[in-house]
Amino acid sequence: MRRGIGSRIGYGAAGLGGLLVVMEAASRLGPVDERFLPPASEILGALAAELATAELWIALGETMWGWALGLAIAFCAAVAAGMVIGSVPGLRAATHSTVEFLRPIPSVALIPLATLLFGASLGSTLLLVVYAAFWQVLIQVLYGVADVDAVAHDTARSYGLSAWSRIRHLVWPTALPYVMTGLRLAAAVAFILAITAELVIGSPGLGLSIQAAQSAGAVTTMYALVVLAGLVGVAVNVGVRALERRVLAWHPSVRGEAPV
Amino acid sequence: MLEVSGLRKVYEGRRVEALREVTFQVDAGELVCVIGPSGCGKTTLLRCVAGLLPPTAGSVKVAGAAVTGPPPRMAVVFQEYGRSLFPWMTVRQNVELPLKEKRMPAGRRGELVAGSLAAVGLADVADAHPWQLSGGMQQRVAIARAVAYEPQVLLMDEPFAAVDAQTRADLEDLVLALWRDTGVTTLFVTHDIDEAVYLGQRVIVLSGSPTVVMEDLKIDLPPERDQLTTRSLPRFADLRGHLYAQIQRARGDR
Amino acid sequence: MNGTGRAVTRVLTVAGVPALLVIVWQLYSAASQNFYVPAPGRVAQAFAETWFSERILDDVLPSLARLLAGYALAVAAGVGAGVAIGLSPRLRAAAEPVLEFFRAIPPPVLVPLIMLLAGIGDGMKVLVIASGCVWPILLNTVEGVRALDEVLSDTCRMYGVRGLSRLRHLVLRGASPQIMAGLRQALSIGIILMVISEMFASSSGLGFTIVLFQRGFQIAEMWSGILLLGLLGYVLALLFRRLERRVLSWHSGRGVGRA
């Protein structure tokens, strides 16, 4: 087994190395113009140089702040809304058509509105991030609440649990795996939208730096920043997956033990 | 028809010797059962015979030709009926697909499919999907597919291990009836001693791992088998008791 | 409850909340005089005037055509490469980190990159859409092909089902639940990229037009554009769900059968 993992890492490293070599060769040997695709070594060099500047870290901090704040707002709002909609009889059916209509609306459609209301500021980023992330979490919370066993529900009622303790001890634990799935999806979407707002509207952050590099014709820097955006994206994915595992590690559904 | 000689299989990486030295043969038209204690490499043996797994040493020959990959005129019925049928195809399409691959003309194909589905008693569910049927019926579909393929050799890998007792008795009689009608050479792997004695003309007993053939036992029961009368024959009890003792010995050897 | 009573309840359930929202919107816009929130009637009028005109031909249809072209390219490349990578464990091990990285790049940053390589024409936009959509399709296809049932695979080998026929009857069908999941993610990314690529550098298209309205402070028209994009997203999601239900009828049916 251990040998299997070792060779997988080996293959993975070979794949990454191969990509870098191909990129390097493509521009050095000429099939692709160096102005359009700089050699991989230069991109990595530019990335290292960028990482040594304070501006980059400030921009990155702004992106992550917009991401985290927007995600947190969307998460809390969606969990609260999902719990209410899922727990009040009839509300689920009454809101179904509205949710199903609003959910697929691409959040980039709100870019002009964000520009008018907030201009190139954190507000624009938040509007897009919150709208996009909200639906991802809400849908999962609704699935989760619907998953609560009807018998368990009746039992809880017959023992006279209040609405609040029903939610705390029955609905929330059941829905937790769904909530975490929603958070994982929302985190990725929120990062995309944070970068988008910066790139298109010009809110401060990594996206704006990419836009600036493009306007200035600093191709290598632009590539370096795109690579950085990808690395941050990987970190977001890995981090949220780790969080999900951690939160659900002691969850009854994972441990296979019945609550109560 | 089927010759297995000196078959040895060591799994690389895990360094497990699943089969040490297995030799036996099956004549044309015979129905031979293979039994052994659990974990003795029955499935490994069957996969080697089917050409799905390359042996470490030794050889398998079908009608004189060495097996290097799945032979063209061999069919297998797997234990996992739920996973051996294509869930996105109807019962009819499942049976028909291998025949299409053989480029058989449509007329003949239709006859074979209809005939084999009727033979297993599923003519009226030909347009259902496998997941709409019970486990026993799904395994009937897999058997119909094997029969329609017109194999020289039919391999069955614990095909009834996962169905209930009543269904199991029905399916055993179905296999006997089909074997009698078609005369197909059949190798039937099972962990159930009663089933082996009831079905087989011969029973091959495998030892515990690392596996060799412990005994090649002729089943001298009357050729006509019946769930009630055959199973209550004194000779049936003798054979059963003998095989039971053999399996216990095989287990103790480990 | 009689038939009419049930029908009324159903209409109320479906249309009640949306109607309420429109009423609130109407009251708010009347009371607040907020310049950015025109009355619903005004937006509806702008919608009819703006989009039931040659704009449909000049802006909406070309946008959709580019979306379709880019999406189709991504499907072909993603499923093709995904099947190849999924069928080879070594290739998969080698490609996995690279693919994880490409998937994690926020697709909108591809716009400036691809503008560099392909200019600002239709080709650029199609390429942007394709290169953003391809990753979820590719990764999900790899996952689906990797998880093919071994028994089914052995069955194909035994019965001589190989080559193209194996691809068609086993690989693609077996991986179709995951492939469809990838296609669904790709569709929403595609719509995002369609809009953004037009906002960046363009002289036509939905995204361009909406930004034009915003810069010209034609607020009702801008809202009508947002509404149109919303409708578009909704209709595409609806069509996709139909397609999915058809392609995966065996799959959902099986789930119900087992439950």
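Which residue of β7(B) stands opposite B:Met74?

Modeller: The residue opposite B:Met74 is B:Val153, which belongs to β7(B). Residues are numbered from 1 along each chain as its sequence is written, while chains are lettered from A and ligands numbered from 1 in the order in which they are written. The model is predicted, with local features needing pLDDT of at least 70, side-chain atom pairs counting only at pLDDT 80 or more, and totals for chains, interfaces and linings using all residues; side-chain values use heavy atoms, leaving out hydrogens and water.

The pair of residues sits between two strands. β6(B) runs parallel to strand β7 (residues 153–157) of chain B, with four bridges between them. (Strands are DSSP runs of E, at least two residues in length, and helices are runs of H or I of at least four, each numbered from the N terminus; two strands pair if DSSP finds at least two bridges between them.) Both belong to an open sheet of 10 strands in chain B, with mixed pairing and the order β5-β4-β1-β2-β10-β9-β3-β8-β7-β6. At the edges of this sheet are β5 (65–66) and β6 (74–77) of chain B; each has a single partner strand, so one side of each has no neighbour in the sheet.

Contact, meaning heavy atoms within 4.5 Å, joins 25 residues of chain B to 22 residues of chain C.

B:Arg83, B:Trp88 and B:Trp131 supply 33% of the area that chain B buries against chain C, more than any other three residues. (Buried area is the accessible area, found with a 1.4 Å probe, that two parts lose on being put together, summed over both.)

Two salt bridges cross the interface of chain B and chain C, a salt bridge being a side-chain nitrogen of Lys or Arg within 4 Å of a carboxyl oxygen of Asp or Glu. In one of them, the side chains of B:Arg47 and C:Asp154 meet at 2.4 Å, N to O. The interface of chain B and chain C also holds nine residue pairs in polar contact, both residues at pLDDT 80 or more. (A polar contact is a pair of N or O atoms within 3.5 Å; within protein, one must be able to donate a hydrogen and the other to accept it, and residues adjacent in sequence count only if both atoms are side-chain atoms.) On the side of chain B that touches chain C, two or more residues come from each of β6, α2 (81–84), α3 (91–101) and α5 (135–148) of chain B. The residues of this side divide into 18 nonpolar, two polar and five charged. (Ala, Val, Leu, Ile, Met, Phe, Trp, Tyr, Cys and Pro count as nonpolar, Asp, Glu, Lys and Arg as charged, and the others, Gly among them, as polar.)

Chain C in turn meets chain A. Of the two pairs of chains that touch, chains A and C have the most contacts, whereas chain A and chain B do not touch, their nearest C-alpha atoms being 9 Å apart. The contact takes 47 residues from chain C and 49 residues from chain A. About 4,200 Å² is buried between chain C and chain A, with 80% given by carbon and sulfur atoms. C:Phe101, C:Leu113 and C:Leu116 supply 13% of the area that chain C buries against chain A, more than any other three residues.

The count between chain C and chain A is two salt bridges. C:Arg241 forms a salt bridge with A:Glu100, the closest N and O atoms being 3.5 Å apart. C:Arg241 lies in helix α10 of chain C and A:Glu100 in helix α4 (residues 91–102) of chain A, so the pair joins two chains. There are also two residue pairs in polar contact between chain C and chain A, both residues at pLDDT 80 or more.

Finally, the records for these two chains may be compared with their helices. For chain C, UniProt lists "domain: ABC transmembrane type-1" (unreviewed entry) at residues 60–244; the span is 87% helix and 0% strand. For chain A, the UniProt feature "transmembrane region" (unreviewed entry) is placed at several spans, including residues 43–60 and 221–240. Residues 43–60 of chain A are 89% helix, with end C-alpha atoms 18 Å apart, and residues 221–240 of chain A are 100% helix, with end C-alpha atoms 28 Å apart.

Key. UniProt positions renumbered as here; feature names shortened; annotations may be inferred.
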